[in-house]
Amino acid sequence: MSRKKKTILPAEWIDQIPTAPSVFKARVVSMAVILLCGLAWLGAEKGPLALNAFLTENPPIAALFAREGTAGALALCFHFFGAFSIVCVITGAVSLWRTKATYRLLRANLLIVYLLMGAYVYFTWTGAFSILAANDGKGLKIGGVDQDRVTILKLWWKVSWPALATVAYTAWLHLMTRSRSVYAAFTRETGEPLPGDVILEDLRTHGRDPRQRRSTYASAFTHVTIIIFIPLLMRLGGCVEAYKVPKGPGGNPVVAIVAKVKPQKPKKKNLTLRTDSAIILDIPDLDETEVDKMLEEESQDRYVAQANTGPTGKKTGKQGGGWPEGSDKYKFRFIRLDHGGVGWDDGMNETGADVNFMRFFAKATGFKKIAGKGESHSIALLKKYPADGFPPFVYLTGNSDMGRVSSRDAEILRNYCLNGGMLIADAGSARFHRSFQNFITRQVFPDKQLLDISDDDMLYQLPFGFPNGAPAFWGHGGRRALGMKHEGRWMVFYHPGDMNDAWKSPGYTKVTKEMRDAALQLGVNLVYYSFNQWDDAVAKARK
């Protein structure tokens, strides 16, 4: 007893599927196969040239591909593409004479496409990720730039998408050859719809339960959008508000100049030896030697503020302080960079470090307008700012290794710094210290080194004075602040001592009042310096 074959479509819809021979559709399939010749020929011609140019520019990768056989496998794929292009022309032309034999030849031709493109995609995938796994997991550079999973995936997509598009094109042809109207045009055999008809009609009508199918499609689309497209768009960039510094407060803000003072020493007593007294040999304790006392006094040095009135900024005189290129409708904003590593926003949430600093800045300088909270930016967003409205400074910190920053983002950060911006980096741990130094000297500025900032540098003079340079704080990677210069201007300031830890609200960190004040005052100096450099860069851009 024969059983009727079940389908996923209602019977009334199956009856509406055209099953009569369609010469037009058969000719479309034959011409589409001939067009595959052009795609295969492009791969055979352009592929070797692109591969050779890539390997010539990157000798270490050329050696890796030669050692693992990737270069030879890809070269073989390109040769097969060339041969297959000829096969496509012959198969497509012969299939214009519609017989069972030419029908089978068409289907065999399509299967070869799957095999060739699948092999090519596989070799490009293994080759691309072998670059990341080489050198004991450290990876190899491409064009002198370190790679990560994001950049490697982009590289693979760049060289593989034509093959994937060809596979999609071939899948459509495959469905057409498995439709009754095309099959009957070649074989003269009519009958019930074939699997190709069912699949095409199912896609068109959404099957036996259209509501459920539409819901499934909507759910899949929503998940793909949230998981893939939205993060990708956020990574590529978004809308930003141009940054403006204060044009002038119209007043005469009071700022404090810091001086380093030492605790007053008790007056030294002179001892007189009586001539008639017995001689006593008193050997002092090693913990109470004069040298230890001197060292203790040095370690107790503290910073105190001395009142000093005067306008803050470039503008002086009756108008008070400010920066000529700024705006009257300014708002002081604190922007931190999300690098994806652990603790990238340390201290900037419940501990309120960024808000505490903004409030101190307003109190110390007289510029009262501040943002209600700090902002977090991906590095890619720095590219969105206009030339006359970029952030004067951005802040970067972490508690462990930095996240994987792509070569594109590293280039964006480099251009931001070279064009007038200032990166203020702050180490929250010894691991971050090592990770950041590698990042800034190898990925962002491979042509520069971090330099020791002298104690008499302008960074330590206004608005607060630090005669002995930046306070050391915790010293996760040394006790001296470092930086990088470009055209006589500091574009990178790096503090290895976790400066922002002292900005946190009481209860989240144990610091003395003197240490907290010094950390906040140092931050004001850095922002003040970045505002001055911003004003110069914007004035130049507006000309």
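Colleague: What makes I86, V89, I90, V94 and L105 a nonpolar surface patch?

Modeller: In this predicted model, these five residues form a nonpolar surface patch of about 390 Å², and helix α4, which spans residues 70-94, gives the most to the patch, with 4 residues. Patch members need over 30% relative accessible area, and V89, for instance, has 36%.

Colleague: Why is V89 called partly exposed?

Modeller: V89, which is found in helix α4, has a relative accessible area of 36%; because partly exposed covers the range between the 20% limit for buried and the 50% limit for exposed, V89 is placed in that class.

Colleague: How do you know that K100 forms a salt bridge with E189?

Modeller: The closest N and O atoms of K100 and E189 are 2.8 Å apart, and since a salt bridge requires the nitrogen to lie within 4 Å of the carboxyl oxygen, the pair qualifies as a salt bridge. K100 lies in helix α5 and E189 in the loop between α7 and α8, so the pair ties together parts that are 89 residues apart in sequence.

Colleague: Why does R480 count as partly exposed?

Modeller: R480 has 34% relative accessibility, and because buried means under 20% and exposed over 50%, R480 counts as partly exposed.

Technical notes. Residues are numbered from 1 along each chain as its sequence is written. This is a predicted model: local features need pLDDT of at least 70, side-chain atom pairs count only at pLDDT 80 or more; totals for chains, interfaces and linings use all residues. Side-chain values use heavy atoms; hydrogens and water are left out. Patches are made of residues with over 30% relative accessible area and no salt bridge: like charges are joined within 9 Å, nonpolar side chains (Val, Leu, Ile, Met, Phe, Trp, Tyr) within 5 Å. Accessible areas come from the Shrake-Rupley method with a 1.4 Å probe; for residues, only the protein chains shown count as cover. A salt bridge is a side-chain nitrogen of Lys or Arg within 4 Å of a carboxyl oxygen of Asp or Glu. Helices (H or I, at least four residues) and strands (E, at least two) are DSSP runs, numbered from the N terminus. Buried means under 20% relative accessible area, exposed over 50%, partly exposed in between (1.4 Å probe, protein chains only).
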